[in-house]
Amino acid sequence: MSTLVSPEAGQARRIVVADDHPLFREALSALLTRSGFVVTGEETPDLLLLDLGMPGMSGIASLKHLRSEHRDLRIAIVSGDSTLNPREALTHGAVGFFPKSFSPEAIVAGVPLVLSGALSLPPEIAPPAGT
């Protein structure tokens with residue numbers, strides 16, 4: 001797990017990257033670091049970037065459990081699982097969905113959105129503008 005803090009707006013924004021693949025986790029941490037986030041050891045994040053496919057996780061059931069235990073925590077899903085239904089994740093409290101096939105620029109652009117309270121979704125599942 002990696003924890004990141006954004007120096008924006010005068011308030012540290014803590015982000016935990018939870019992924020069981022070290023290459024992806026470390027690459028995402030490095031990407032966010034290069035984009036103005038700082039790696040820290042904080043344990044209470046403002047945003048959890050969560051891979052629901054990690055060993056010991058049970059997909060949407062794990063998201064529901066985390067949501068019930070941490071009601072104020074923003075949770076965005078990162079996934080390479082093409083069978084995961086992003087809309088179902090949103091229904092159960094996720095604030096964003098980042099496919100692992102996303103470009104680095106799309107992930108960097110989406111993190112501030114979910115930190116600000118907006119959704120970050122791939123264009124193919126995002127609601128049409130104005131809805």
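Which residues are linked in a network of salt bridges? I began with this question, and the answer I noted is Asp-19, Asp-51 and Lys-100.

**Basis.** I am working from a predicted model, in which local features need pLDDT of at least 70 and side-chain atom pairs count only at pLDDT 80 or more, while totals for chains, interfaces and linings use all residues. Residues are numbered from 1 along each chain as its sequence is written, and side-chain values use heavy atoms, with hydrogens and water left out.

**Salt bridges.** I looked up the salt bridges (a side-chain nitrogen of Lys or Arg within 4 Å of a carboxyl oxygen of Asp or Glu) and found that the structure holds three. In one, the side chains of Asp-19 and Lys-100 meet at 2.7 Å, N to O. Asp-19 lies in the loop between S2 and H1 and Lys-100 in the loop between S6 and H4, so this pair ties together parts that are 81 residues apart in sequence. Helices (H or I, at least four residues) and strands (E, at least two) are DSSP runs, numbered from the N terminus.

Lys-100 also forms a salt bridge with Asp-51, the closest N and O atoms being 3.1 Å apart; Asp-51 sits in the loop between S4 and H2, 49 residues apart from Lys-100. For burial I used relative accessible area with a 1.4 Å probe and protein chains only: buried is under 20%, exposed is over 50%, and partly exposed is in between. Asp-19 counts as buried because its relative accessibility is 3%, and Asp-51 counts as buried at 5%, whereas Lys-100, at 26%, counts as partly exposed.

I then noted the salt bridge between the side chains of Arg-14 and Asp-46 (3.7 Å, N to O). This pair links distant parts of the chain, with Arg-14 in strand S2 and Asp-46 in the loop between strand S3 (38-40) and S4, 32 residues apart.

**Arg-67.** What does the side chain of Arg-67 have within reach, given that Arg-67 is buried yet has no salt bridge? The nearest side chain of opposite charge (Lys and Arg count as positive, Asp and Glu as negative, with His and the chain ends not counted) is that of Asp-72, 7.0 Å away. I did find the backbone oxygen of His-70 lying 2.9 Å from a polar atom of the Arg-67 side chain. Leaving aside neighbours within four places in sequence, Arg-67 is in contact (heavy atoms within 4.5 Å) with residues including Asp-72, Ile-75 and His-92.

**Helix H2.** Arg-67 lies in helix H2 (residues 60-69), where Ile-60, Ser-62, Leu-63, Leu-66 and Arg-67 are buried. Seen down the axis of H2, these buried residues fall within an arc of 155° (taken from the directions from the helix axis to the C-beta atoms), so they line one face of the helix. I listed S4, S5, helix H3 (86-91) and S6 among what covers them.

**Helix H4.** The buried residues of H4 are Ile-107, Gly-110, Val-111, Val-114 and Leu-115. They fall within an arc of 130° seen down the axis of H4, so they too line one face of the helix. Their cover includes strand S2 (13-18), helix H1 (22-34) and strand S6 (94-99). Just after H4, I noted that Gly-117 takes a positive phi of about 100°.

**Helix H1.** In H1 I found Phe-24, Arg-25, Leu-28, Ser-29, Leu-31 and Leu-32 buried, while on the other side of H1 Leu-23, Glu-26 and Arg-34 are exposed. H1 is followed by Gly-36, whose phi is positive, near 105°.

Conventions
A polar contact is a pair of N or O atoms within 3.5 Å; within protein, one must be able to donate a hydrogen and the other to accept it, and residues adjacent in sequence count only if both atoms are side-chain atoms.
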